[in-house]
Amino acid sequence: MLLKRFNLKVSKGFVPLLIAQFLSALADNALLFAAIALLAQLNSPQWHQPLLLQFFVISYIILAPFVGGIADAYPKGRVMFYSNAIKFIGSLSMLLGMQPLYAYAIVGVGAAAYSPAKYGILTELLPPKELVMANGWMEGSTVFAIILGSIIGGALAQFDPLVAIIIITGLYLLAAVFNRYIPLLPIDHKLTKKNPLFMIKDFWHAFKVLWKDPEGQLSLAVTTLFWGAGASLRLIVIAWAGYALHFNLEESTRLTAMVAFGIAIGSVIAARYISLKDAVRVLPAGILMGGFVMTMVVIDDWHIAALTFLLIGALSGFFIVPLNALLQHRGHLLIGAGHSIAVQNFNENIGILLLSGTYTWMVREEFSVNTIIILLGLFVSITMLAIYKHYKKII
């Protein structure tokens, strides 16, 4: 009923897809904070905490030539099921004593395979006119999972990281149940060959096609910047809250949840009012986002901080959802949905790897948190302004 109220056609399989990806995303995000707490409990160096992200995303980059083709060559619901099983193994490994960095890397392998199927299946379940709306629901539910994952993961990890990991492992099992209710759909853009060399060449072809397409190029540039900066900001907020507000991990995760809540609001607004043909008109929101990030250095009250993070999130959600939908639409037309999401993930996670790697280096070199915030905000605003000017003719 709620989906119908917001004018989204309830296609068979969309509800279990939404629930399955919500549970899996909830577990992914809670596990990050549980792993951070576990690293602290093991007296690991502080710079190991941002290193978690790099261990997680490296699989997206290495496996990119293969996971898109796999997502298009097999029923995407089944790909999601088996990818979720890999996440379960990673979570269980952490519970059984594997070093958190390595266990989280296993979860990253499952996530890398899960993503092209999760987003690619939307183009098979729904017509193009429903894609922005569907992306709004997907992003909104994912962000809701980030909110709950941050709060639950932070609270449980503060109490006992191992208890948190037990519950998270159970969430992966529950997600698998809903994965089984996603219908088998006709295979889209099936590979003619399945040997690794052919898949690498096939990926490289998809990579070039999408980057040569003006709208695809624009979407890739913006989403790469957004996810790289967003992933780093999530960790920076935790460090900043401890420094500026004297918050512990549980309290700091509530502030990261405000960013996620803002993204959910922005996603819903974009899903309601921005059509696919108007997707590129939302770029100025990204410029403003960088400006709001820099205001963190003068904030010393948690109420103002919460409102600022809410606005940062809302601007983020407002501009990223339409551009995600545009990228999926162009990718579906040009190279297949699974291929396009794999190319997107490859680029976005290179962005995450580079920016989180830079953040890890800054922490190791003992840069002040305010210096890091100013540099990040400037980078986002200047880069978004350059992209906006470059693509003004498209807009």
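Me: Quick one to start: does threonine 256 count as buried or exposed?

Reply: Threonine 256 counts as buried, at 5% relative accessibility. Keep in mind that this is a predicted model.

Me: Which helix does threonine 256 lie in, and what does its side chain reach?

Reply: Threonine 256 lies in helix H12. Its side chain reaches the backbone oxygen of threonine 253 at 2.7 Å.

Me: And which residues is threonine 256 in contact with, leaving aside neighbours within four places in sequence?

Reply: Those are Phe33, Ser150, Arg234, Val237 and Ile238.

Me: Okay, on to confidence. What pLDDT does the protein average?

Reply: The average is 83, and 92% of the residues score at least 70.

Me: Where does pLDDT stay under 50?

Reply: Over residues 4–8, for which the model has 13 contacts beyond four places in sequence. Where pLDDT is low, the predicted coordinates should not be read in detail.

Me: What is phenylalanine 319 in contact with, beyond four places in sequence?

Reply: Phenylalanine 319 is in contact with Val222, Phe226, Val282, Ala285, Gly286, Met289 and Met384.

Me: You mentioned Met384. Which residues are buried in H16?

Reply: Met384 is one of them, along with Val369, Ile372, Ile373, Leu376, Gly377, Val380, Ser381 and Ile387. They cover an arc of only 150 degrees around the axis, so they sit on the same side of H16.

Me: Which residues are exposed on the other side of H16?

Reply: Ile382, Lys389 and His390 are exposed there.

Me: How many residues does H16 have, and how far does it reach?

Reply: H16 covers residues 369–390, which is 22 residues, and reaches 32 Å from its first C-alpha to its last. That is close to the 32 Å expected at 1.5 Å a residue.

Me: Now H14. What should its 33 residues span at 1.5 Å a residue?

Reply: They should span 48 Å, and the end C-alpha atoms of H14 are 47 Å apart, which agrees.

Me: What caps the N-terminal end of H14?

Reply: Aspartate 301 does, with a side-chain oxygen 2.9 Å from the backbone nitrogen of histidine 303. After H14 comes glycine 336, whose phi is positive, near 105 degrees.

Me: Is alanine 305 buried or exposed?

Reply: Alanine 305, found in helix H14, is buried, with a relative accessible area of 0%. Leaving aside neighbours within four places in sequence, it is in contact with Trp240, Leu245 and Ile299.

Me: How far apart are alanine 305 and valine 259 in space?

Reply: They are 10 Å apart, C-alpha to C-alpha, and 46 residues apart in sequence.

Me: How about leucine 355 and threonine 308?

Reply: Those two are 22 Å apart in space, C-alpha to C-alpha, and 47 residues apart in sequence. Leucine 355 is found in helix H15 (residues 337–364). Beyond its neighbours within four places in sequence, leucine 355 is in contact with Gly228, Ala229, Ser232 and Phe379.

Me: Switching to backbone angles: what is the phi of histidine 246?

Reply: Histidine 246 has a positive phi of about 60 degrees although it is not a glycine. Most residues other than glycine have a negative phi. Histidine 246 is found in the loop between helix H11 (214–244) and helix H12 (249–273), and it is exposed, with a relative accessible area of 66%.

Me: And what about the phi of glutamate 366?

Reply: Glutamate 366 has a positive phi of about 65 degrees, and it is not a glycine. It lies in the loop between H15 and H16 and is exposed, with a relative accessible area of 71%.

Me: Last one: what does the side chain of threonine 169 make a polar contact with?

Reply: The side chain of serine 91, at 2.7 Å. Threonine 169 is found in helix H9 (residues 161–179) and is buried, with a relative accessible area of 7%. Not counting residues up to four places away in sequence, threonine 169 touches Phe88, Ser91 and Leu92.

Definitions and conventions. Residues numbered from 1 in each chain as written. Predicted model: local features only at pLDDT ≥ 70, side-chain atom pairs only at ≥ 80, totals over all residues. Heavy atoms only, no water. Helix = DSSP H or I, 4+ residues; strand = E, 2+ residues; numbered from the N terminus. Expected span 1.5 Å × (residues − 1). Buried < 20%, exposed > 50% of the residue type's maximum accessible area, 1.4 Å probe, protein only. Arc of directions from axis to C-beta. Polar contact = N/O pair within 3.5 Å; in protein donor to acceptor, adjacent residues only side chain to side chain. Contact = heavy atoms within 4.5 Å. pLDDT = per-residue confidence, 0-100.
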